Amino acid sequence: MNTKRLSDNMEKALSDQMNKEIHASHIFLSYGIWADDKGYQGIANFLYRHSQEERNHSIKFMEYVLNRGGKPKVDAIPAPPKDPESLTDCFDGVFRHEVDNTTSIYRLVDLSLEEKDWATWNFMQWFVQEQIEEETLASNLIDKLKIAGGDRATDESLFTLDKTLQNAPNDVPLAQNATGENP
C-alpha cells in the first residue's frame, strides 16, 4: 500500500528546501570561520550557532518528508561564497541570504495552497514565522554594526560588538523539540 501523502512535486520542493537549509548552514559556518580568523570570536560564535540553527531547519524538513511517507533527497551542496571583505559585507550577506530563504519558504506556501496540501501549508507556517525572526535578527546585526561605526568603527566599538554577540543567548533549539507553542 502506498502511504505517501505528498505529491512528487511537493516532495521535491521540500527536499530542495532541506538542501537550501544545509547550504545556509555551510554559509554561516564559513562566515564564522572568517570572523574567527579575523579575531572576532564572539561574532564567530554567534555565526556558528546560527549555522547549527540552519542545520536544525534542514532536519525539520527531512523529518516532515519522511513522516508524510516521502523520501528526501540529499543533493550536493554548493560551496559557500567567498569570504566577506568586511563585517559590513558579512552581515549584509547574512541578511541577503535570509531574504532569499524567505522567498523560497513563500514559494512552498504557495505550492501547498495550489495543491491544497493543508498539512504542508500548516507545517510551513512555522517557517514563515521563523523567517520573520531571521530577517529581524539579520537586520539588527546590520544596525548594531552601523551604530558601532560600520567599517570605520573603532577597535573599542568592534570589541564591544564582538562581546555583545558572544554573550547573546545560546539557545538554539533542536528541530525535533519544536511545537506549536514552542517553535
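This is a predicted model: local features need pLDDT of at least 70, side-chain atom pairs count only at pLDDT 80 or more; totals for chains, interfaces and linings use all residues.
How many salt bridges does the structure hold? The answer is six.

Start with the annotated region. An unreviewed UniProt entry marks residues 4–149 as "domain: Ferritin-like diiron". Over residues 4–149 the chain is 80% helix and 0% strand. The end C-alpha atoms of that stretch are 54 Å apart.

Next comes the annotated site. UniProt, again in an unreviewed entry, places the feature "binding site" at Glu-21, Glu-54, His-57, Glu-98 and Gln-131. These residues are spread over 111 residues of sequence, yet they cluster in space. The largest C-alpha distance among them is 12.9 Å.

Take Glu-98, which sits in helix H3. Is Glu-98 buried or exposed? Its relative accessibility is 0%, so Glu-98 counts as buried. The cut-off for buried is under 20% relative accessible area. Beyond its neighbours within four places in sequence, Glu-98 is in contact with Phe-28, His-50, Glu-54, Gln-131, Glu-134, Glu-135 and Ala-138.

Gln-131 belongs to helix H4. With a relative accessible area of 2%, Gln-131 is buried too. Setting aside residues up to four places away in sequence, Gln-131 touches Glu-98, Asn-101, Thr-102 and Ile-105.

Ser-58 is another buried residue, at 3% relative accessibility. Ser-58 is found in helix H2, residues 41–67. Which residues does Ser-58 contact, leaving aside neighbours within four places in sequence? They are Met-18, Glu-21 and Ile-22.

Now turn to the charged pairs. Side chains of opposite charge can pair when their charged atoms come close. Helix H1 covers residues 8–37 and holds both Lys-12 and Asp-16. The two lie four residues apart, about one turn of the helix. Their side chains meet in a salt bridge, 2.8 Å from N to O. Asp-16 is partly exposed, with a relative accessible area of 34%.

A second pair reaches between helices. Asp-100 forms a salt bridge with Lys-20, and the closest N and O atoms are 2.6 Å apart. Asp-100 lies in helix H3 (residues 87–115) and Lys-20 in helix H1, so the pair ties together parts that are 80 residues apart in sequence. How accessible is Asp-100? Its relative accessibility is 37%, which counts as partly exposed. Lys-20 is also partly exposed, with a relative accessible area of 21%.

Lys-73 and Asp-75 make a further bridge. Their side chains meet at 2.8 Å, N to O. Lys-73 counts as exposed, at 53% relative accessibility. Asp-75 is partly exposed, with a relative accessible area of 28%.

Salt bridges also link Lys-4, Asp-8 and Glu-11 in a network.

The loop between H3 and H4 deserves a look. Lys-116 is found there. Most residues other than glycine have a negative phi. Lys-116, however, has a positive phi, near 55 degrees. Lys-116 is exposed, with a relative accessible area of 58%.

Which residues form a nonpolar patch on the surface? They are Leu-113, Trp-118 and Trp-121, with about 310 Å² of accessible area together. Trp-121 is found in helix H4, residues 118–148. Trp-121 is partly exposed, with a relative accessible area of 32%.

Follow helix H4 to its end.

Key: Residues are numbered from 1 along each chain as its sequence is written. Side-chain values use heavy atoms; hydrogens and water are left out. Patches are made of residues with over 30% relative accessible area and no salt bridge: like charges are joined within 9 Å, nonpolar side chains (Val, Leu, Ile, Met, Phe, Trp, Tyr) within 5 Å. Accessible areas come from the Shrake-Rupley method with a 1.4 Å probe; for residues, only the protein chains shown count as cover. A salt bridge is a side-chain nitrogen of Lys or Arg within 4 Å of a carboxyl oxygen of Asp or Glu. Buried means under 20% relative accessible area, exposed over 50%, partly exposed in between (1.4 Å probe, protein chains only). UniProt positions are given in the numbering used here, feature names are shortened, and annotations may be inferred rather than shown by experiment. Contact means heavy atoms within 4.5 Å.
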